Amino acid sequence: SRQGFKADLLAGFGIGLAVAARPDHVFYLAGVMAFSLWRGRGRLAGIVLGGALPAALLAWYWFAFTGTLRPPELGVQSAVFGTFDPGAFLGLLASPRRGLLWYFPPVLFALWAAGRRRAEGLAPLMAAAVLGLTLFLSFYDNWVGGRSYGSRYFASAAAAFCWMLAGAEDDLR
């Protein structure tokens, strides 16, 4: 991994943009922050500073257009949560219509690669972030057998799993 304050600023900026675009990407932010606290203590300042610009722009947008420092969709979004639905959780993983394993079988290799890259630290945390996001989505009340969730959740998980595969080509071969 690249070291240095500039790289940390860029990483923070990127994860800040991801959370600003999709607030549920906070699970990925949590993985990056855990990594920064656990493995790269000196890196936390750059990551936080890099993420501050997207966060500040988003807060300005909310305040300018709604008069509050809350997302305008907060009321609607909070109304769609209920209790944990195991069918939704299993459906997000294995549904023929929306399941991660059907549409992205390399996830099994990615989890294996994340386990092998434990020493690096970030890959297992990103796997945990994907699991956290999947569990979080399993609390949505509007699960109807795979037709209710858009592909954006699948796409973000698939991107994280692709990242986990990076560098594991020789082992996989």
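**Alanine 79 and its setting**

Alanine 79 has a relative accessible area of 58%, and because values over 50% count as exposed, alanine 79 is classed as exposed. The model is a predicted one.

*Position of alanine 79*

- Alanine 79 lies in the loop that runs between α4 (74–78) and α5 (86–94).
- In sequence, alanine 79 and aspartate 141 are 62 residues apart.
- In space, the C-alpha atoms of alanine 79 and aspartate 141 are 8.8 Å apart.

*The protein as a whole*

- The secondary structure consists of 10 helices and zero strands.
- Along the sequence, the elements follow the pattern α-α-α-α-α-α-α-α-α-α.
- The protein has 173 residues, of which 34% count as buried.
- The accessible surface comes to about 10,200 Å², and carbon and sulfur atoms account for 68% of that surface.
- Among contacts in the protein with a separation of 6 or more, 70% are between residues 24 or more positions apart.

*Helices α1 and α3*

- Helix α1 covers residues 5–21, and helix α3 covers residues 44–66.
- The axes of α1 and α3 come within 6 Å and cross at roughly 35°.
- This crossing of α1 and α3 is right-handed.
- On the α1 side, the contact involves Phe5, Asp8, Leu9, Gly12, Phe13, Gly16, Leu17 and Ala20.
- By class, the contact of α1 with α3 comprises 11 nonpolar residues, five polar residues and one charged residue.

*Helices α2 and α3*

- Helix α2, residues 26–38, packs against helix α3 at an angle of about 155°.
- The axes of α2 and α3 are 9 Å apart.
- Angles over 145 degrees count as roughly antiparallel, and α2 and α3 are therefore roughly antiparallel to each other.
- From α2, the residues making the contact are Val32, Met33, Ser36 and Leu37.
- From α3, the residues making the contact with α2 are Leu44, Ile47 and Val48.
- The contact of α2 with α3 contains six nonpolar residues, one polar residue and no charged residues.

Notes:
Residues numbered from 1 in each chain as written. Predicted model: local features only at pLDDT ≥ 70, side-chain atom pairs only at ≥ 80, totals over all residues. Heavy atoms only, no water. Axes fitted to C-alpha atoms, helices over the stretch in contact; angles between N-to-C directions. Helix = DSSP H or I, 4+ residues; strand = E, 2+ residues; numbered from the N terminus. Parallel < 35°, antiparallel > 145°, perpendicular 65-115°, else oblique. Contact = heavy atoms within 4.5 Å. Nonpolar A, V, L, I, M, F, W, Y, C, P; charged D, E, K, R; others polar. Buried < 20%, exposed > 50% of the residue type's maximum accessible area, 1.4 Å probe, protein only. Areas by Shrake-Rupley, 256 points an atom, 1.4 Å probe, with all protein chains shown as cover. Left-handed = near helix turned anticlockwise from the far one by under 90°.
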